[in-house]
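Have the model open as you read.

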Amino acid sequence: MVKKLIGQMLIERGHITADQLEEGLSEQKKRGGYIGETLIALGLIDPYAFYPVLSAQLGIEFIRFKELSIPAEIIKKVPAKFASHYKFMPVRIDGELLTIGVTDPLDIQTMDDIRLVLGYEIKPGLASEVDIIDSIKKYYGIGAETIEGMISKTGSEDKVSTNLQKTQNIDEMAEDASIIKFVNQILLQAYKDHATDIHIEPYEDEVKVRYRVDGILYEAAIPPTIKHFQSAIVSRIKIMSDMNIAERRLPQDGRIKVKIGTEELDLRVSVLPTPHGESVDIRILSTAMLYSLENLGLLEEDRKLIGQLIQKPHGIIFVTGPTGSGKTTTLYACLNRINSKEKKILTIEDPIEYQLKGITQMQVQPKIGLSFALGLRSMLRHDPDIMMVGEVRDYETAQIAIRVSLTGHLVFSTLHTNDAPGGVTRLLDMGVEPYLVSSSLECFIAQRLVRLICSKCREKVRSYPGLAKEFGITPAELKNVVLYKGKGCQECKFTGYKGRTAIYEILVMSEALREMVLKRISADMIKEKAISLGMRTLRDDGWIKIKKGLTTPDEVLRVTEEI
């Protein structure tokens with residue numbers, strides 16, 4: 001019986017059209033390789049649609065690693081370095097027969113090499129390259145082959161542990177090609193996972209590496225033997241960030257500039273001493289971020305409202321929310337919108353997170369006495385039109401910022417409060433006079449970041465208990481709402497979420513609210529009045545985004561539960 005050609009089978013099963021196959025065959029002639037590789041590279045077919053068809057054509061098992069749990073004893077029989085080199089993953093052992101997942105089960109030479117080294121008869125199964133690489137990272141850990149190579153150089157793990165007690169050897173190892181490669185692998189994986197922070201945390205008998213992705217911390221799979229190279233890895237990071245590698249008793253801060261592909265990353269590094277070694281946090285900032293009000297997740301009417309407020313000639317606008325809620329991004333977007341050749345914009349920040357073209361930025365230096373308050377006073381002598389103060393932390397800074405806004409300057413700043421009305425009472429608690437707050441304030445913008453439902457695995461949810469109570473929705477309104485959630489897929493690493501957007505609460509100061517501030521009315525009553533005047537709360541804004549299918553009730557409740 002003559003086997004059908006793979007292209008014909010793909011057309012018959014509706015995965016591609018005849019025209020798409022022609023396009024693929026034409027491109028294959030130029031670049032070589034298999035037709036399947038070409039179709040996937042051109043984006044004409046999804047790998048997970050292609051591989052089952054190829055599996056059926058070849059009569060070889062198709063292996064989906066996400067559906068498997070591979071026992072540790074099987075992983076131990078195959079070195080990470082070997083699995084990474086040949087891009088295969090062990091699946092199961094039956095006596096002397098080892099089943100593996102490979103991208104090209106017809107590559108006889110590779111099968112013979114694996115058979116020779118491992119001493120097993122090999123049964124190849126078909127698997128996607130992405131699945132294999134992800135599985136190697138999951139079961140062996142990030143950079144496992146690099147760590148294995150370093151251990152093999154020294155002869156044994158015990159010898160490594162002994163050597164690392166000597167400072168001289170640690171510093172020498174920090175420049176070793178393998179240590180450099182391993183640190184680069186940790187950074188590269190964080191970039192691929194869209195992480196905002198990398199945490200390297202030493203404990204008594206292990207070292208953990210955790211990535212913060214979309215605001216949630218996830219533990220990265222790393223080889224347990226990383227503990228033996230802990231000091232060398234930290235020393236390497238300290239060398240990259242221009243820190244003192246001999247000082248291990250005091251906290252240190254530094255920064256690294258790296259390039260991945262065409263993108264430049266600015267890494268902010270902080271090192272803290274602990275009883276079990278130094279703990280490292282690396283904040284990842286992209287220098288190519290676009291700051292636009294259109295990309296913040298604002299509703300159309302809110303975007304127009306903020307657009308009008310930031311055009312005012314004077315006054316103060318506060319953005320409030322906890323650390324990591326996107327306040328700086330919102331401020332930068334506002335500054336970008338009003339930045340022009342006719343306006344002088346100055347900022348004082350701690351730290352300067354991103355460089356903005358056409359804007360003069362200054363960083364506070366507490367060690368030499370350059371505080372927000374001092375910087376703010378100095379900035380007035382530079383003839384500014386618009387000023388941005390990274391954060392109002394104390395009475396002095398608040399007092400100066402508000403007085404500056406009353407003398408014909410537009411001032412932007414941030415406060416740490418739970419909601420917009422809470423910002424008023426925070427300023428009064430700092431000791432600022434009510435008449436100053438009332439006359440200078442233009443608006444408070446409170447915000448939180450919520451994770452977006454993964455577009456690849458989004459599905460409808462039939463019911464959601466307790467929804468009406470949590471969001472103040474009537475059962476009648478709830479009947480007409482379609483809710484969604486993420487099922488979990490390869491694209492979102494089975495979390496159901498990918499990416500983030502913001503939810504907002506915008507309190508615009510009206511005459512009625514200014515009078516309430518003068519009378520020192522409580523934040524709760526100010527909030528009630530603002531809602532009656534049309535303010536949407538964070539949960540209200542979250543509910544609109546839930547109805548649009550952007551996020552889930554769980555996510556909105558998670559970030560607004562304290563309010």
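Two strands count as paired here if DSSP finds at least two bridges between them. With that in mind, turn to this predicted model and find Ile-348, whose bridge partner in β12 is Met-362. The pairing of β11 (residues 345-349) with β12 is parallel and runs over four bridges.

**The sheet**

These two strands belong to an open sheet of seven, ordered β12-β11-β13-β14-β10-β15-β18, with mixed pairing. Which strands stand at the edges? They are β12 (360-363) and β18 (497-508); each has a single partner strand, so one side of each is left without a neighbour in the sheet. On average, neighbouring strands are turned by 20 degrees against each other, direction ignored.

**Helices across the sheet**

| Helix | Strands it lies across | Angle |
|---|---|---|
| α17 (residues 395-406) | β10 (315-320), β13 (386-389), β14 (410-415) | about 135 degrees to β10 |
| α25 (residues 553-560) | β15 (441-453), β18 | about 135 degrees to β15 |

Now look at helix α14 (residues 300-309), where the buried residues are Asp-302, Arg-303, Ile-306, Gly-307 and Leu-309. Why do they lie on the same side of α14? Because they cover an arc of only 165 degrees around the axis. An α-helix has 3.6 residues a turn, so residues three or four places apart point the same way. Lys-304 and Gln-308, on the other side of α14, are exposed. The cover over the buried residues of α14 includes strands β10, β15 and β18, along with helices α15 (327-338) and α24 (538-547).

How values were computed:
Residues numbered from 1 in each chain as written. Predicted model: local features only at pLDDT ≥ 70, side-chain atom pairs only at ≥ 80, totals over all residues. Heavy atoms only, no water. Axes fitted to C-alpha atoms, helices over the stretch in contact; angles between N-to-C directions. Contact = heavy atoms within 4.5 Å. Buried < 20%, exposed > 50% of the residue type's maximum accessible area, 1.4 Å probe, protein only. Arc of directions from axis to C-beta.
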